Amino acid sequence: MIAKTLKLLAVSLLLGMAGRQAAAQDSPPLALSLDQAITRGLDNNLNALLARARVDEAEGTRERRLSSYLPHLRIETPFAWQTRNLRAQGISLPNSPAVVGPFTSYDFRIYGEQSILDLQSYHAIKASEKEKQARQEDYRDARGGVIRLVTVQYLNAAYAEARVATARSRVQTSEALEKLARDQRAVGVADGLDVLRAQVQLANDRQNLLVTANNAQLALLALARSVGIDLGTPITLTDKLSFRKLEPPQIEQGIQAALESRPDYRSLFSQRASLEEQVKASRSRYLPRIVLSGNYGTSGQEMSNLDPTGMLQVNLVLNLFDYDRKGERLELDSRLERNRLQIADLKLGVEQDIREALLNLNSATDQVATAREGAQLAERELQYAGDRFRNGIANNIEVVTAQDALARARDNELNALAQHAEAKIALARALGDTEKVYRLFLGIE
């Protein structure tokens, strides 16, 4: 009975998996442009979501610290049934027992407390506000990182798909050349070695097509995960690799703009402002606090006979000795020094990012032009080699060599186009306002 049940469960599971796969295969592919992929990534990518959660966490911290300067109210309604030992409290009456009771008491009371002066809490509130600003800058930086990540993933997928098209075209060319070799042999112009060489080349090209097709699917999987698409959803990329020239800014202007707008750089300054407020809060631990408190309610021994009572008082609280403040100050001084070092290092890092991005952009622009020229020359070489073999002037070694040269030239062109687009998004990221300028930099309409 158990074995039969397990078999039924296994069959049901296999049928369910098969049905799911069939539904995924039958579903129409999702058309995805680069802009749509970036928008999805900003909404679904884990890095952006975590950064947004940190902003909310910082807001919660600010709200908690703000509560120290807001009124605190509570209600207490104790009901007591008790006995008391008068002697234990220093009360001794003649001819009276030491323990009195039992008796009951009722008390219905509201308590309130309001800080009038508390500089430590005030500076802690200001520190939490600056910390929230730092988390908001981190969130902007995370969104810029997501834009670059998704762009690179999309370019990798587009590059992989373009290589598949190139590999398929090469297979078609090899099939035509293999047929030509057999025809040439039939008329006595070529020998068996030429036919065998063409067949080997065709087999290699078919193998390469299988590899590139698999790599394209892997690239689409990586893209789907980065933008939050179900991994079983087929994707069709609507934007192909193309060249759109970008006029880069001057180095000095780019560095100045980045220092003013880079969210990771601005975040460090907000963190420093938060630490400075924490130092002020630490110093304020030895300053007096003034707290207004009071209560009002009714109390008595019987519910039918309760009398109103209350109290209003002002408390002055002053710490005389608090050794913990010394350790706190050492921690804050260390954090400030670390923050200073990070700001100085990141300032150099900003300049390095700008210079690297500009170098890569200029190099990629030149590579695109050179690669296109090389592809045109390789196409002419293959045409000439094919004509020479067709006319019986040479064997097909020249044809096979020209095929390899053309494949490398086309791959160089595709790689140069991808690198050029990556260099543009890297420059946008280095400048800081990635979310504002990425459409302009990538030529997205």
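1. Glu137 lies in helix H4, where helices (H or I, at least four residues) and strands (E, at least two) are DSSP runs numbered from the N terminus. The model is a predicted one, in which local features need pLDDT of at least 70 and side-chain atom pairs count only at pLDDT 80 or more, while totals for chains, interfaces and linings use all residues. Residues are numbered from 1 along each chain as its sequence is written, and side-chain values use heavy atoms, with hydrogens and water left out.

2. Glu137 counts as buried, at 12% relative accessibility; buried means under 20% relative accessible area, exposed over 50%, and partly exposed in between (1.4 Å probe, protein chains only). The side chain of Glu137 is joined to that of Arg266 by a polar contact of 3.3 Å. A polar contact is a pair of N or O atoms within 3.5 Å; within protein, one must be able to donate a hydrogen and the other to accept it, and residues adjacent in sequence count only if both atoms are side-chain atoms. Apart from neighbours within four places in sequence, Glu137 is in contact (heavy atoms within 4.5 Å) with Pro263, Arg266 and Ser267.

3. Arg266 is also touched by Ser261, along with Arg140, Leu431, Gly432 and Asp433, not counting residues up to four places away in sequence. Ser261 is placed in helix H6 (residues 251-261) and counts as buried, at 14% relative accessibility. Two backbone oxygens lie by polar atoms of the Ser261 side chain: that of Ala257 at 2.8 Å and that of Leu431 at 3.0 Å.

4. Ile147 is another residue of helix H4. Its relative accessible area is 0%, so Ile147 is buried. Leaving aside neighbours within four places in sequence, the contacts of Ile147 are Ile38, Leu42, Ile425, Thr434, Glu435 and Tyr438. Ile147 and Arg429 are 282 residues apart in sequence, yet 8.5 Å apart in space, C-alpha to C-alpha.

5. Axes here are lines fitted to C-alpha atoms, for helices over the stretch in contact, and angles run from 0 to 180 degrees between N-to-C directions. On the H2 side the contact is made by Leu34, Asp35, Ile38, Thr39 and Leu42, and on the H10 side by Glu435, Tyr438, Arg439 and Leu442. These residues divide into five nonpolar, one polar and three charged. Ala, Val, Leu, Ile, Met, Phe, Trp, Tyr, Cys and Pro count as nonpolar, Asp, Glu, Lys and Arg as charged, and the others, Gly among them, as polar.

6. Helix H3 (residues 46-66) packs with H4 at an angle of about 170°, with their axes 8 Å apart. That makes H3 roughly antiparallel to H4. The contact residues include Ala48, Ala51, Val55 and Arg62 of H3 and Ala124, Glu129, Tyr139 and Val146 of H4.

7. Asp239 sits in the loop between strand E5 (235-237) and H6. Asp239 is partly exposed, with a relative accessible area of 30%. Its side chain reaches the backbone nitrogen of Leu34 at 2.9 Å. Beyond neighbours within four places in sequence, Asp239 is in contact with Leu32, Ser33, Leu34, Asp35, Tyr154 and Ala158. Pro78 is 161 residues from Asp239 in sequence and 72 Å from it in space, C-alpha to C-alpha.

8. Arg74 is found in strand E2 (residues 72-76) and counts as partly exposed, at 46% relative accessibility. The side chains of Arg74 and Glu76 make a polar contact of 2.9 Å. Leaving aside neighbours within four places in sequence, Arg74 is in contact with Arg109, Ile110 and Tyr111. Arg74 and Glu113 are 39 residues apart in sequence and 9.2 Å apart in space, C-alpha to C-alpha.

9. Gln133 belongs to helix H4 (residues 119-186) and is partly exposed, with a relative accessible area of 36%. Gln133 and Arg163 are 30 residues apart in sequence and 45 Å apart in space, C-alpha to C-alpha.

Methods. Angles under 35 degrees count as roughly parallel, over 145 as roughly antiparallel, 65 to 115 as roughly perpendicular and the rest as oblique.
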